[in-house]
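Take a look at the protein shown below.

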Amino acid sequence: MLRRVLENRDAQTRQLQDAVTNVEKHFGELCQIFAAYVRKTARLRDKADLLVNEINVYASTETPNLKQGLKNFADEFAKLQDYRQAEVERLEAKVVEPLKAYGTIVKMKRDDLKATLTARNREAKQLTQLERTRQRNPSDRHTFCKAETELQRATMDATRTTRHLEETIDNFEKQKIKDIKTIFSEFITIEMLFHGKALEVYTAAYQNIQKIDEEEDLEVFRNSLYPPDYSSRLDIVRANSKSPLQRSLSAKCVSGTGQVSTCRLRKDQQADDDDEDEDLDVTEEEN
């Protein structure tokens, strides 16, 4: 009868061991993955800070509207990194640390299991010794009573540790379920808060980019290339940039025009003189 009780207790202990081992394995994996998730988020925050700095540096070299739009965008993006920093800190405190704490909790449960197993092994050993005494010296009442007394003590100790183990593992299982609900609820809440704020910030950042006046900045850029007195200065440069050959040709054209006019005047005068000579000849003949 006692042997069957011991077997049932052993089966129960193995089940409790499996429960603790299962939590130790999977909570450890969850803790590592969540910790890596937080580190990745922190690295993303750092890269975003670098991006904010570069946008500000670039904006300082640009035209007024683009400069203001980029700086406003950078300000919103920097604000988002503040929210991301808060996300990292909350995930660390509300998710990673509680999971990490299960390393200590599991160690304590293993100590309880170890104490229970030690008590049960002592009980099993005393039972075996009693059976051997009964078989070898059935008439040795003193030795038999002593072995029986030791077995009773071992059984009481095993029963006490088993009851304590059952209670502590029951509390452990209850706390585990509660903690899982809390940890995952905190994770979702933290992520929702961040992404809600992120949506607001991204909306403002998008609007700042859309407000950039392209035409006005383009006009500023063009004015920087072509100052107001650019046309008059260009005419002066063109006039002064004529080659000596071009200036000589221009002078000859002017001089040639004057010679043609003088020749024409001389021919006209000669024609008039010829007409006068003809008129004179005609008059003499008539006379």
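## A term to start with

Residues are sorted by relative accessible area: buried means under 20%, exposed means over 50%, and partly exposed lies in between. Tyr 37 has a relative accessibility of 34%, so Tyr 37 counts as partly exposed. Keep these cut-offs in mind. They return below.

## The overall picture

This is a predicted model. The protein has six helices and zero strands. Along the sequence, the pattern reads α-α-α-α-α-α.

The protein has 287 residues, and buried residues make up 25% of them. Its accessible surface comes to about 20,500 Å². Carbon and sulfur atoms hold 53% of that surface.

How many residues does the largest nonpolar core have? The count is 23. Val 20, Val 23, Phe 34, Leu 91, Val 95, Val 96 and Leu 99 have the most contacts inside this core. Three helices each supply at least two of its residues: H1 (2-59), H2 (64-136) and H3 (141-210). Helix H1 gives the most, with nine residues. In soluble globular proteins, nonpolar side chains tend to be buried together.

There is also a second, separate core. This one has 11 residues, including Val 52, Ala 59, Ala 74 and Val 201.

Go back to Leu 91 for a moment. Leaving out residues up to four places away in sequence, Leu 91 touches Tyr 37, Val 38, Val 96, Phe 187, Ile 190 and Glu 191. Two of these names, Tyr 37 and Phe 187, come up again in the next section.

## Aromatic pairs

The structure holds six aromatic pairs. One of them joins Tyr 37 and Phe 187. Their ring centres are 5.6 Å apart, and their planes meet at 70 degrees. Planes over 60 degrees apart count as edge-to-face, so this pair is edge-to-face. The pair links distant parts of the chain. Tyr 37 is in helix H1 and Phe 187 is in helix H3, 150 residues apart. Is Phe 187 buried or exposed? Phe 187 has a relative accessible area of 15%, so Phe 187 is buried. Tyr 37, in contrast, is partly exposed.

Another pair is Tyr 102 and Phe 172. Here the ring centres are 6.3 Å apart and the planes are at 55 degrees, so the pair is tilted. This pair also links distant parts of the chain: Tyr 102 sits in helix H2 and Phe 172 in helix H3, 70 residues apart. Both Tyr 102 and Phe 172 are buried. Finally, Phe 34, Tyr 37, Phe 184 and Phe 187 form one aromatic cluster.

## Residues along helix H3

Thr 168 lies in helix H3. Its relative accessibility is 9%, so Thr 168 counts as buried. What joins the side chains of Thr 168 and Lys 109? A polar contact of 2.6 Å does. Not counting residues up to four places away in sequence, Thr 168 touches Lys 109 and Asp 112.

Glu 200 is also in helix H3. At 52% relative accessibility, Glu 200 counts as exposed. The C-alpha atoms of Glu 200 and Leu 80 are 9.3 Å apart, while the two residues are 120 residues apart along the chain. Asn 208 lies in helix H3 too. At 14% relative accessibility, Asn 208 counts as buried. Beyond residues up to four places away in sequence, Asn 208 touches Gly 69, Asn 72, Phe 73 and Glu 76.

Helix H4 spans residues 214-225, which makes 12 residues. From its first C-alpha to its last, H4 reaches 17 Å. That is close to the 16 Å expected at 1.5 Å a residue. At the start of H4, a side-chain oxygen of Asp 213 comes to within 3.2 Å of the backbone nitrogen of Glu 215.

Leu 66 lies in helix H2. Which residues is Leu 66 in contact with, leaving aside its neighbours within four places in sequence? They are Tyr 58, Ile 212 and Asp 217. Leu 66 and Asp 217 are 151 residues apart along the chain, and their C-alpha atoms are separated by 7.1 Å.

Terms used
Residues numbered from 1 in each chain as written. Predicted model: local features only at pLDDT ≥ 70, side-chain atom pairs only at ≥ 80, totals over all residues. Heavy atoms only, no water. Helix = DSSP H or I, 4+ residues; strand = E, 2+ residues; numbered from the N terminus. Expected span 1.5 Å × (residues − 1). Polar contact = N/O pair within 3.5 Å; in protein donor to acceptor, adjacent residues only side chain to side chain. Core = buried A, V, L, I, M, F, W, Y, C linked by side-chain atoms within 4.5 Å. Buried < 20%, exposed > 50% of the residue type's maximum accessible area, 1.4 Å probe, protein only. Contact = heavy atoms within 4.5 Å. Phe/Tyr/Trp six-rings, centres within 6.5 Å; stacked < 30°, edge-to-face > 60°. Areas by Shrake-Rupley, 256 points an atom, 1.4 Å probe, with all protein chains shown as cover.
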